[in-house]
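Have the model open alongside as you read.

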Amino acid sequence: MASAALATPAAAPAAAAPAGEGRKLFAFLCMVFGMFMAILDIQIVSASLAEIQAGISASADEISWVQTAYLIAEVIMIPLSGTLSRVLSTRWMFVISAAGFTFMSFLCATASSIEQMIVYRALQGFIGGGMIPTVFASAYTIFRPEQRNVVTPIIGLVATLAPTIGPTVGGYLTDLFSWHWLFLVNIVPGIFVTVTTYFLVDFDEPNLGLFKNFDWTGLALMAAFLGCLEFVLEEGPIKDWFQDEYILIGTVVCVGAGLGFFWRMFTAKQPIVDLFAFTNRNFAAGCAFSFVMGIGLYGLTYLYPVYLGRVRGYSALQIGETMFVTGICMFLTAPIVGRLMGKVDPRAMMAAGFIGFGLGTWWASYITKDWDFWELLIPQVLRGVSLMVCMVPINNIALGTLSPERMKNASGLFNLTRNLGGAVGLALINTTLNERWDLHLTRLHEKVTWSRAIANETLQTMTGAYARLGSDASLAGLRTVSNIVRQQALVMSFGDVFLIMTFLFGSLALLTPFIKRPKLGAASADAH
């Protein structure tokens with residue numbers, strides 16, 4: 001009897017341990033769902049901008065700010081979240097972010113003017129942006145290294161799947177209901193995430209004393225630097241870069257604020273962002289690879305819909321259905337990647353992922369105006385699989401060897417590099433697309449002349465097709481031939497962009513052997 005009585009207390013903690021682990025995992029999954037909503041809202045409006053434009057009576061130049069305002073605000077919050085989560089604690093940081101994001105989603109659905117929409121979207125991106133790095137930091141601080149093979153594929157899947165399926169989800173919601181549901185869909189899940197994280201998350205304690213030395217100057221410089229950088233990268237290709245006065249002013253402010261920001265981060269007593277995390281070789285390498293992966297993630301999510309819309313004439317819903325292949329492949333690959341993480345060198349997985357990216361873009365470089373769902377299937381499958389194969393080991397290499405006290409700050413910087421990679425990638429893609437389009441147009445115009453028999457035959461055929469127009473038939477035929485030439489030049493420029501991306505991803509694959517392999521259990525100390 002005595003021995004039984006002594007055994008009972010010893011058994012209680014053992015029985016409670018799984019329950020504690022289960023509670024922690026459920027709380028973390030609720031946070032992951034909040035992160036999913038924040039990342040999804042970057043792209044959820046992209047397929048429905050025309051409907052929003054009509055609903056709030058905005059001009060064609062103004063409507064792009066529905067997306068740009070969100071991106072600028074989010075990119076400012078992401079690095080700031082590390083300091084705020086140390087001050088407020090993970091629990092209160094996430095609760096405030098989730099609640100604010102939900103409330104701003106409601107206000108976005110009620111917006112009746114472009115001015116209101118821009119303000120609400122900016123606040124939605126700024127407040128909600130705090131959820132993204134907080135989830136990444138939590139994954140590497142509350143779970144043991146051996147548990148991360150399960151946890152990191154989950155956050156990797158969410159971080160890459162959300163922007164990929166954003167246009168699909170947005171297209172369906174707008175087609176079935178109205179554009180208001182792009183934002184209303186966040187309300188019930190947002191309330192659920194807010195309530196569950198309030199009651200379940202207790203990973204750390206707030207440190208309000210850090211507010212005494214809060215670097216407000218550093219915050220202002222960072223906001224000006226990152227905000228202007230995102231603005232210039234988003235609007236530059238559309239406004240012909242420095243030919244536009246606002247782009248020029250934004251660039252000057254960006255450079256000046258950037259210099260001031262970096263000076264402040266190395267001299268302030270308590271810098272708002274700890275750049276010394278980059279002295280960890282693996283973290284610096286992981287951020288560089290994350291930057292390029294951002295180009296693949298956001299760049300290809302942009303390129304395929306542009307081709308399908310401008311060349312194939314697809315609706316938002318048709319584009320979403322075509323793009324859904326990538327999401328399915330990512331979902332199916334995630335558990336396989338989780339199993340491989342404990343058995344395969346992560347550098348080999350990264351190399352395989354970037355090679356897969358390169359093969360997909362090389363395949364797509366042969367694109368023609370007739371490519372449809374089936375021709376795009378293999379490039380999309382390669383993209384979906386490669387995203388997962390890259391994302392998880394990059395996360396582990398960048399964050400897996402950092403000390404817990406550096407994790408919150410480093411997580412913000414790591415997520416920032418992916419978003420900036422996407423912004424830089426989109427700017428370069430748009431600029432290259434326009435320049436190559438002009439080049440191919442010039443070359444095709446040299447070939448399509450009156451002296452070419454095939455050109456004359458095509459023009460005669462088109463003129464005959466418009467015979468019912470009488471004297472206007474020849475003009476209509478000429479316009480049709482001109483449109484064919486422009487379309488062909490555009491398709492050729494798409495092929496050029498895909499080929500350039502192939503070289504980029506191939507180069508990254510060659511650099512993976514120079515990364516130091518992280519050791520299991522090394523999360524407790526920095527590996528320099």
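## Helix 11 and its neighbour

The buried residues of helix 11 pack against helix 10 (216-235), where contact means heavy atoms within 4.5 Å. Helices here are DSSP runs (H or I, at least four residues), numbered from the N terminus. This is a predicted model, so to speak of a local feature pLDDT has to be at least 70, and side-chain atom pairs count only at pLDDT 80 or more, while totals for chains, interfaces and linings use all residues. Residues are numbered from 1 along each chain as its sequence is written, and side-chain values use heavy atoms, with hydrogens and water left out.

Which residues of helix 11 are buried? They are Ile247, Gly250, Thr251, Cys254, Ala257, Gly258, Gly260, Phe261 and Met265. Buried means under 20% relative accessible area, exposed means over 50%, and partly exposed sits in between (1.4 Å probe, protein chains only).

## Span and cap

Helix 11 covers residues 245-267, 23 residues in all. From first C-alpha to last it reaches 33 Å, close to the 33 Å expected at 1.5 Å a residue; that expected span is 1.5 Å times one less than the number of residues.

At the N-terminal end, Asp244 does the capping: one of its side-chain oxygens lies 3.0 Å from the backbone nitrogen of Tyr246.

## A loop aspartate and its arginine

Asp345 lies in the loop between helix 13 (316-341) and helix 14 (346-364). Asp345 is buried, at 19% relative accessible area, and forms a salt bridge with Arg347, the closest N and O atoms being 2.7 Å apart. A salt bridge here is a side-chain nitrogen of Lys or Arg within 4 Å of a carboxyl oxygen of Asp or Glu. Arg347 is partly exposed, with a relative accessible area of 23%.

## Other salt bridges

How many salt bridges does this rule give? The count comes to 5. Among them is the pair Arg436 and Asp496, whose side chains meet at 2.8 Å, N to O. This pair ties together distant parts of the chain, 60 residues apart: Arg436 is in helix 16 (residues 404-447) and Asp496 in helix 18 (residues 473-511). Arg436 counts as partly exposed at 28% relative accessible area, whereas Asp496 is buried at 17%.

Another salt bridge joins the side chains of Lys369 and Asp370, at 3.1 Å from N to O. Lys369 is partly exposed at 32% relative accessibility, and Asp370 is partly exposed too, at 47%.

Terms used
Helices (H or I, at least four residues) and strands (E, at least two) are DSSP runs, numbered from the N terminus. A polar contact is a pair of N or O atoms within 3.5 Å; within protein, one must be able to donate a hydrogen and the other to accept it, and residues adjacent in sequence count only if both atoms are side-chain atoms.
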